[in-house]
Amino acid sequence: MASSAGTRSTRAALAAGAVAVLLTLSACGPAAGGSTGGAPAGAPAGGGPAAAGGAGAPAGAPAAQGSGGGPSYVLSAPPVAGGYPQGQPPAATARLVGADIQRNAQRLGLSGTPVKAVYDDRADGAWIFYSGVNGTGFAPDKLHDALEQIPVTSDNGAGDRVTTNAVDTDPGPHGGRAVCDSVLVRAGLLTTMATTCSWFTPTTAAGVTLVLKGDGSTTRLGFSADDVAPVMRAIRADVEQRR
């Protein structure tokens with residue numbers, strides 16, 4: 001059974017994730033050509049099998065490509081990605097995160113074939129929600145810029161202080177553009193952070209979101225861009241292949 005502190009931290013992380021999950025993949029959304037788009041969020045920290053280097057750590061990536069040209073990639077959902085096996089989160093967690101992603105899909109206007117999976121980060125006591133879309137005509141620069149923002153702090157109406165921020169990050173060897181969006185939630189004495197790192201190419205748009213399990217297996221209260229970016233690159237290396 002999850003501890004009281006673990007349950008509270010999970011709820012706070014999910015609340016942050018509701019704001020941070022900025023990419024959702026909708027097969028029935030608006031046409032992809034010329035659209036902006038974003039991606040969902042999260043990833044394990046230093047203890048995970050793929051974590052190495054921070055948000056801006058070089059990963060041998062070529063120069064970021066523009067909205068056209070460059071190699072063509074396709075997304076899949078293998079049984080293991082970045083060293084993390086697929087897992088089965090509680091139905092309530094999956095339902096809440098999934099609903100958050102769907103609510104934000106309209107804003108990004110991506111259309112294509114959705115791909116998603118949940119991976120189990122046992123070392124960090126978290127679920128990695130991976131969601132992406134295969135399509136054509138995506139504009140990586142526009143999608144990246146749609147998610148990039150300066151820090152903004154507001155009240156969420158429930159007495160919590162919410163600070164959102166975004167930082168550019170290395171997309172990895174496949175190139176394209178990548179950005180990490182973080183949400184810091186201060187709920188009473190509890191402070192937690194949720195981060196989504198997303199990447200974009202002319203044919204793929206995807207991201208990873210990490211959500212604490214809240215089962216007492218970790219004392220962590222959230223994940224920063226420096227935690228998530230290396231995991232995003234490791235996950236991407238296994239879920240995205242050149243056509």
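Start with the cysteines: the count comes to one disulfide, the term covering a pair of cysteine sulfur atoms within 2.5 Å. This is a predicted model, in which local features need pLDDT of at least 70, side-chain atom pairs count only at pLDDT 80 or more, and totals for chains, interfaces and linings use all residues. Residues are numbered from 1 along each chain as its sequence is written, and side-chain values use heavy atoms, with hydrogens and water left out.

**Stop 1: the disulfide.** Select Cys-180 and Cys-197. Their sulfur atoms are 2.0 Å from each other. The link is right-handed, with 105° about the S-S bond. It ties distant parts of the chain: Cys-180 sits in strand 8 and Cys-197 in strand 9, 17 residues apart. Strands (E, at least two residues) and helices (H or I, at least four) are DSSP runs, numbered from the N terminus.

Are these two cysteines buried or exposed? Cys-180 counts as buried because its relative accessible area is 1%. Cys-197 is buried too, at 0% relative accessibility. Buried means under 20% relative accessible area, exposed over 50%, and partly exposed in between (1.4 Å probe, protein chains only).

**Stop 2: strands 8 and 9.** Select residues 177-187, which are strand 8, and residues 190-200, which are strand 9. They pair in the antiparallel sense over 11 bridges. Two strands pair if DSSP finds at least two bridges between them. Look for Leu-184: Met-193 in strand 9 stands opposite.

Stop 3: Zoom out. The open sheet has seven strands in the order 4-5-10-9-8-7-6, with antiparallel pairing. Strand 4 (113-121) and strand 6 (152-155) are the edges, each pairing on one side only. From one strand to the next, the twist averages 15°.

**Stop 4: the helices.** Select residues 140-147. This is helix 3, lying across strand 7 (161-168), strand 8 and strand 9, at about 15° to strand 8. Angles run from 0 to 180 degrees between N-to-C directions, with axes fitted to C-alpha atoms, for helices over the stretch in contact. Now take residues 225-239. Helix 4 packs on the sheet and touches several strands, including strand 5 (126-134) and strand 10; its direction makes about 35° with that of strand 9.

**Stop 5: Thr-203.** Select Thr-203, in the loop between strand 9 and strand 10 (204-212). Thr-203 counts as buried because its relative accessibility is 9%. Which residues are in contact with Thr-203, leaving aside neighbours within four places in sequence? They are Ser-72, Tyr-73, Val-133, Asn-134, Gly-135, Phe-138 and Arg-243. Contact means heavy atoms within 4.5 Å.
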